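Please look over the sequence and the 3D structure shown here before reading on. The report is meant to be read side by side with them.

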Amino acid sequence: MMTENGWPHLNPLMRASVLLAAVLSAFAQTAAPVINPCGIVDAASYGPVLAPGSIAAIFGSFPVGSPAEAASLPLPTSLSQVSVRAGAGGAAPLFYVSSSQINVQIPWELAGQSQAGMTVMASGQTSAPQTVALASFAPAIFSVNGQGAIQDSSFRLIDASNPATAGSTAILIYCMGLGPISNQPASGAAALTSPLSETTNTPAVTVGGVPAQVTFSGLVPGLVGVYQVNAVTPANAPMGDVPVVISIGGATSSSVNMYVQAPDTDQSAGALLAQMTLDEKLQLVHGAYTFGGPAGPLNAEEWVPGISRLGIPDLLYADGPVGVYSSLGPTTALPSSMANAASWDLDEAYKYGAIIGAEVRAYGMNVWLGGNVNLGGREPRDGRTFEAAGEDPLLAGSIKAAHIRGVQDQHLIGTLKHYGLNDQETGRLLANAIIDERGARESDLLAFEVALKNSNAQSVMCSYNLVNGDYACQNDSLLNGALKGDWGFSGFVQSDAFAAQSSVASALAGLDQEQPGGYYFGGVWGESLDTAIQNGDMPQSRLDDMVRRILRAIYAAGLFNYPSAVGTIDTDAGAATAQEILEQGAVLLKNGGNLLPLDASKVGSIAVIGAHADVGVLSGGGSAQVAPTGGAALTLAPECPSSAVGTSALACHNASEIYDPSSPLKAIQAMAPSASVQFNDGTDSAAAAALAQSSNGAVVFVSQWESEGMDLDDLNFSNNQDALVSAVAAANPRTIVVMENGGPQLAPWLGQVGALLEAWYPGERGGEAIANILFGSVNPSGKLPITFPASVNDLPRPVIPSPSSASSTTPFAVSYSEGFNVGYKWYDTNGIEPLFPFGFGLSYTTFAFSNVSLTSSGEQFQVSFDLANTGAVAGAEVAQVYVGLPASTGEPPRRLAAWTKVLLQPGEKQSETLTVSSNDVSHPLSYWDVNSESWQVASGDYTVYVGNSSANDSLTVAGMFHIGQ
Ligand code: BGC
């Protein structure tokens, strides 16, 4: 049809009829108002029952021109010539009228009525009445876009983009129908601000079916007919889009939904902190030990009483690094941590931690103190070398991170220790480690950084020693600076037992918890922290931060959701893991003429000599001592060296030499049932040599005990064991030496013996694991995580620095002038040939690297190679990637940057690609720049090496690349 100015093209008559139709339709709007059947509903729920004071929506057809809204309060009772009568309540206040909907308040005057007849009047005509059911309580929650009209305390609507946090978010639920109130406004009038109109009954609110604490219920000030219920999102509310329901006076609303998210640990900690008194805060920041006082609950060696009114659990602490500390009772005696590091296998390390965690938990403890990541290679005579994971920050940090993950996955707090530069036991309470900032950051501190960032450890223990003049536990640069500042550590710093030296100074430097008692923080030996706050010596905010960190750790580790409970130890699982750990971590150091593996059918007779190998295997002492399942095979007095004097040495003198109940002699006999296996205890070298001479072969066990509280005088085996080995080897060239020791040892008889196996402290299935390796049931694949020097004279400090006298209380300097050149970096830099290099270990098969190349270079490079098993038996090789930084940096020739352990069948070849990124937490391409106090990648040439140890002759250059100008 043609059109003209928007009108259809019509003749005049037809136009007239259209106009008439329009007039008729206008006339039709003045027809009587009609309320739809069941057209009066609650405006929030659309339900048919209303409570006085609520808002109703009336649907129908009403003779209203254009919609109109009430423009001011109190609401009018007539709007656009429309009014509504609500039975005995009279004229209802009007919010809004249109031709299809009218919104009114049900007058308060209807309270007590069960129903009301409603009529709409418009243009002088009245609708037929319609009855609405009334109740005192008809709770109904408003909704917006399908979600509840529920806000947080900042008046942001709670929805998927702004979820409420379980346990902390205060919610405002907008609703109606909550019944009688105090300070009731007139119908149509706004609710008052002061005093607030509160409901006379308190409603119950559930969020996701879980009761919520209600903090307010009343009318929304300034609005008509709208109630507001304030509640707290319950801590145990389910997560996600969950229903909210209000009940009051026996009536229950229909549900609307809101979003709930799990609190982050920070929010949870903050919410709990806000409820704590000063005394309660003080209680959490120190242990409860008192001299001569009882042990903690369940015999915990250290503990912090919880706060039951807030559900904060007791913190019950257990050592140690190689299994649960003996004071709690028998547990799995694992091989030493060093043995585990020698597997270069993070899955094995995780299993190690998981076993310890499960057993710590079984004793009802919930804080583990065993994450010793001190760099052993700086002082290999350190009596605690066996507790740690070697000399390389990347390897040691990664192994310890896996231990912590294994532990914390059992819902325990894991602790890294001893922070920092705690590398000798001699004078450990007075030793003042002097080191340059870059040296520290790139060595001992880097091991902590890697361990922390790869594990989310919730606790760090500061050490006894001083670092650059300040005690580690009141060392601002270590605690506030590197740990909390640069690495973003959000957990808590606890002192080693009695390592705190002050109250306020320590707290201000970053110590969060004093152990084992409150000697300083609790005011026994100084100004308690609460007094310090009252005196203005320490801000309240610092105590709050200390407590928040502890609470955060409790939340992060899951101690609230998984309360500690005494359980049973799976001794079989522990034993199996202990055996596997040693089978993966024992290192074959020599195998002349392929003396090993032994052929059980051919050995004929074997002399087993020394180290109590008839009954057991040695373990390390101190707070890492485990009481092995089944009881010790042998308990001897500690052999503390003459240098172990004074208070620093107490842990040694209080220790025992424990042999775990796993007899290598019996295990060897079991592997070779038809062989004649005889034992000689090795105390008489001549007798031992005679037995060796009359046997087809000899296995000599040598052991070196070490412990917390002592350093080894040297790296020789004590008690004439070196002479024993020489005598036996002289008598029988088929002499195999098995070493049980904590860290590096010298082997002056190396040239005389046929084979040498490093079995570390072998653990409670050490005998079986050793026998499996000697007879080839297991092919050794361990690699040294620490260099074995050729002489103590090659160490940075041939003589261990010590205090001026046993009774001295004056700190003494231990100069770490080698800086970052720890372990192989020291030997490489100085061109010193070690006895065995870092990363070294043999196999019963042979491996070949080929096609070693860089497939990409720069700050994120990839190195590829083929690795083949060229021998006759299956075996695993650890392919190691080292990087040399530009000479201008002054860095050592190489640093470990990556590795992978590959299991290959005979003849099998596998392609591997490893990626190294400068962004990795180990900063593989960076140096610590003291000017900018940050990690920097230098301009210059980088060389990438691949091989199976750190020694130059076992490495292939994969390629070089240039970064920068
Ligand atoms: C050790 C720590 C141990 C603490 C608690 C100290 O003697 O140095 O490693 O965790 O005691 O037993």
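## About the model

This is a predicted model, in which local features need pLDDT of at least 70 and side-chain atom pairs count only at pLDDT 80 or more, while totals for chains, interfaces and linings use all residues. Residues are numbered from 1 along each chain as its sequence is written, and side-chain values use heavy atoms, with hydrogens and water left out.

## Two pockets

A pocket, on a 1 Å grid over the protein atoms alone, is an open set of points with protein on both sides within 12 Å along at least five of seven lines, whereas a cavity is a set of points where a 1.4 Å probe fits but cannot get out; lining residues have an atom within 4 Å of a point. A volume is the space filled by probe spheres set on the points, which are joined across faces, edges and corners.

The largest pocket holds about 1100 Å³ of space. Its lining has 41 residues, and Arg 428, Tyr 464, Ala 497, Phe 498 and Glu 708 lie nearest the centre. Strand E28 (413-419) and helix H14 (650-653) are the elements that give two or more residues to this lining, where helices (H or I, at least four residues) and strands (E, at least two) are DSSP runs numbered from the N terminus. The lining of the largest pocket divides into 20 nonpolar, 13 polar and 8 charged residues; here Ala, Val, Leu, Ile, Met, Phe, Trp, Tyr, Cys and Pro count as nonpolar, Asp, Glu, Lys and Arg as charged, and the others, Gly among them, as polar.

The second largest pocket holds about 630 Å³, and of its 26 lining residues the closest to the centre are Ala 166, Gly 167, Ala 235, Ser 268 and Tyr 555. Helix H2 (265-273) and strand E20 (210-219) each give two or more residues to this lining, with the largest share, 5 residues, coming from H2. By type, the lining of the second largest pocket has 13 nonpolar, 12 polar and 1 charged.

## Cavities

The structure holds 5 cavities of 30 Å³ or more, and the largest cavity contains about 140 Å³ of space. Among its 16 lining residues, Pro 393, Glu 442, Leu 446, Lys 825 and Arg 895 are the closest to the centre.

## Nonpolar cores

A nonpolar core is a set of buried Ala, Val, Leu, Ile, Met, Phe, Trp, Tyr and Cys residues joined through side-chain atoms within 4.5 Å, and buried means under 20% relative accessible area (1.4 Å probe, protein chains only). The largest such core has 125 residues, and Tyr 419, Leu 529 and Leu 551 have the most contacts inside it. Helix H12 (residues 540-557) supplies the largest share of this core, 8 residues. Apart from it lies another core, of 65 residues, including Ala 688 and Phe 836.

## A buried lysine

Lys 400 lies in helix H6 (residues 393-408), and at 0% relative accessibility Lys 400 counts as buried.

Key:
Buried < 20%, exposed > 50% of the residue type's maximum accessible area, 1.4 Å probe, protein only.
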